[in-house]
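Hi,

Here is the structure I said I would pass on to you. Have a look at it first, and then read my notes below.

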Amino acid sequence: MRFKALLYRKVLQRIFGKLLLLCFCFVLPGCASGKLGDASTAASSVPAEQMIEKSAELKEEQTRLPVSPGTAFEVRGRILTWRDGKQAACSITFDDGTMDQYSLGAPLLDAYGLRGTFFIITGPRDEGVWKDNEKQRSLFSWEQAVLLAEGGHEIGSHSVGHPDLRQLDREGQKETVIAELQDSAEAIRRRISPELLSSEGGLTFCWPYWRTNGNLVKEAEQFYLAARAGEGPFMSSIVRDPYEIHSEMVLSTDSFPGWVRKLQISSQLRGWTVFSFHGFYSAGGNTKASGWQPVSTGKMEALLLHLSENSFWTAPFGEVFRYAVERQAAVLDIEEVSPDGIVIKLEDGLDDSMYSQPLSVEIFPPGDMNIEIIKSARDEEIPFQLLENGWLRFDVRPDGSPIILKSSP
Ligand SMILES: [Zn+2]
């Protein structure tokens, strides 16, 4: 499965296509096209302030772009940067698969109706104990991993035995590297049924000790859809390196205000924050941490409350990844506008068996048109919201099938 080359060629073609379209329309007022996609194309190498300005400017421009010019019915449409129009995205991820994550971390997520990603070491899972150098860490079982997946959480891989893969690569131990990547993916697929693997056949990975390099990325591409790495520049809404997605390393000494500051910057960038958690201990100290650098459940709860009360789309790593990739590639077409309603199409050109996350879109119908129902090509009703500003917001799978917005007579 060599996803990256093919996928990124497509994504780049789409992005460049759209950039050209946007630039063209900017230079020639009055020009228009029936196609548009997400316009947040900020580059990660420019300073944060500039980046914020640039993405805001493009967003505004996109909103003004008429998509059905020359007809009596002007319709506008846009693909939202994140699900439900949220300002930024956040993924709560857990490394190693220790017992405290199951007994303390997951119930907290469940209490807030949020779903996370558990990157598990597969090798010692049957024994229930992982020898992490001097430390013995208790692990949750495969049965408990299945329960997490049934609760909507993502199970990803963190290798078989947590070796330093970069060191193995330096020593030329290519076969061991491949076995660590491949056997772990196979173990997860053997134990957890495909419909419970939220990544729709494409598992995600997280690098042991956050260490990776170009050789390792090439190997990981064969077995995984994406991989999480360690700290790096803030992530914008654009995914550039699917196998080196930066994360915020969580340490016991972290403060809650420190996390909030990071989230505020990410929010200004309309970006994606990925937290990399390990251990937990309960507020009363009744439950001992088994994971590395444990944090209190109280601090975790403050974070989850903050995410819920602010405009963050909190979703598993693989889900946010696929949303971003699809949105980068997708084109929204207004196919037809008539007194009966509007027909749109959303297509990302990607493999629908792997990339079928619905994208949130908004359509602004002509002034006197009253949309009463939205249906898929399979005649399924699609729920929508009518926003105060007159836009209709709903979720669509970017598979190119027609979506019908029927107006009331
Ligand atoms: Zn680890």
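**What I found**

Among contacts between residues at least 6 apart in the sequence of the protein chain, 70% join residues at least 24 apart. Bear in mind that this is a predicted model. The chain has 409 residues, of which 43% count as buried, and its secondary structure comes to 10 helices and 21 strands.

**The core**

The largest nonpolar core holds 87 residues, and the members that touch the most others are Ala-89, Tyr-224, Ala-227 and Val-320. Helix α10 (residues 317-329) is the top contributor, with 7 residues. Both domains take part: domain 1 (3-85 + 323-407) and domain 2 (88-310) each supply at least three residues to this core. In general, nonpolar side chains in soluble globular proteins tend to be buried together.

Leaving aside residues up to four places away in sequence, Tyr-224 touches Ala-185, Leu-203, Thr-204 and Phe-205. Ala-185 turns up again below, as one of the buried residues of α6.

Start with α6 (residues 174-191). This helix has 18 residues and reaches 26 Å from its first C-alpha to its last, close to the 26 Å expected at 1.5 Å a residue. Which of its residues are buried? They are Val-177, Glu-180, Leu-181, Ser-184, Ala-185 and Ile-188. These cover an arc of only 105° around the axis, so they sit on the same side of α6. Their cover includes β7 (154-157), α5 (165-170) and α7 (214-220). On the face turned away from the buried side you will find Lys-174, Glu-175 and Arg-190, which are exposed.

Then there is α9 (residues 297-309), with 13 residues and a reach of 18 Å from first C-alpha to last, close to the 18 Å expected at 1.5 Å a residue. Here Met-300, Leu-303 and Leu-307 are buried. They span an arc of only 60° around the axis, which puts them on the same side of α9. The buried residues of α9 pack against β3 (88-96), α3 (99-111), α8 (256-268), β12 (280-281), β13 (295-296) and β14 (312-314). Leu-305, Ser-308 and Glu-309 are exposed on the other side of α9.

**A strand with two partners**

Strand β16 (residues 341-347) is largely enclosed by the rest of the structure, because 5 of its 7 residues are buried. It pairs with β15 (residues 331-338) in the antiparallel sense over 7 bridges, and a hairpin of 2 residues joins β15 to β16. In that pairing, Glu-336 stands opposite Val-343 in β16. β16 also runs antiparallel to β21 (residues 403-407), with 4 bridges between them. There, Ile-342 has Leu-405 in β21 as its bridge partner.

**Two residues to check**

Most residues other than glycine have a negative phi. Tyr-209 has a positive phi, near 60°, and Trp-210 also has a positive phi near 60°. Where is Tyr-209 found? It is in the loop between β8 (204-206) and α7, and Trp-210 has its place in the loop between β8 and α7 too.

Cheers

Technical notes. Residues numbered from 1 in each chain as written. Predicted model: local features only at pLDDT ≥ 70, side-chain atom pairs only at ≥ 80, totals over all residues. Buried ≥ 20, exposed ≤ 12 C-beta atoms within 10 Å, placed from the backbone. Pairing = 2+ DSSP bridges. Core = buried A, V, L, I, M, F, W, Y, C linked by C-beta atoms within 7 Å. Domains from an automatic or database assignment. Contact = placed C-beta atoms within 7 Å. Expected span 1.5 Å × (residues − 1). Arc of directions from axis to C-beta.
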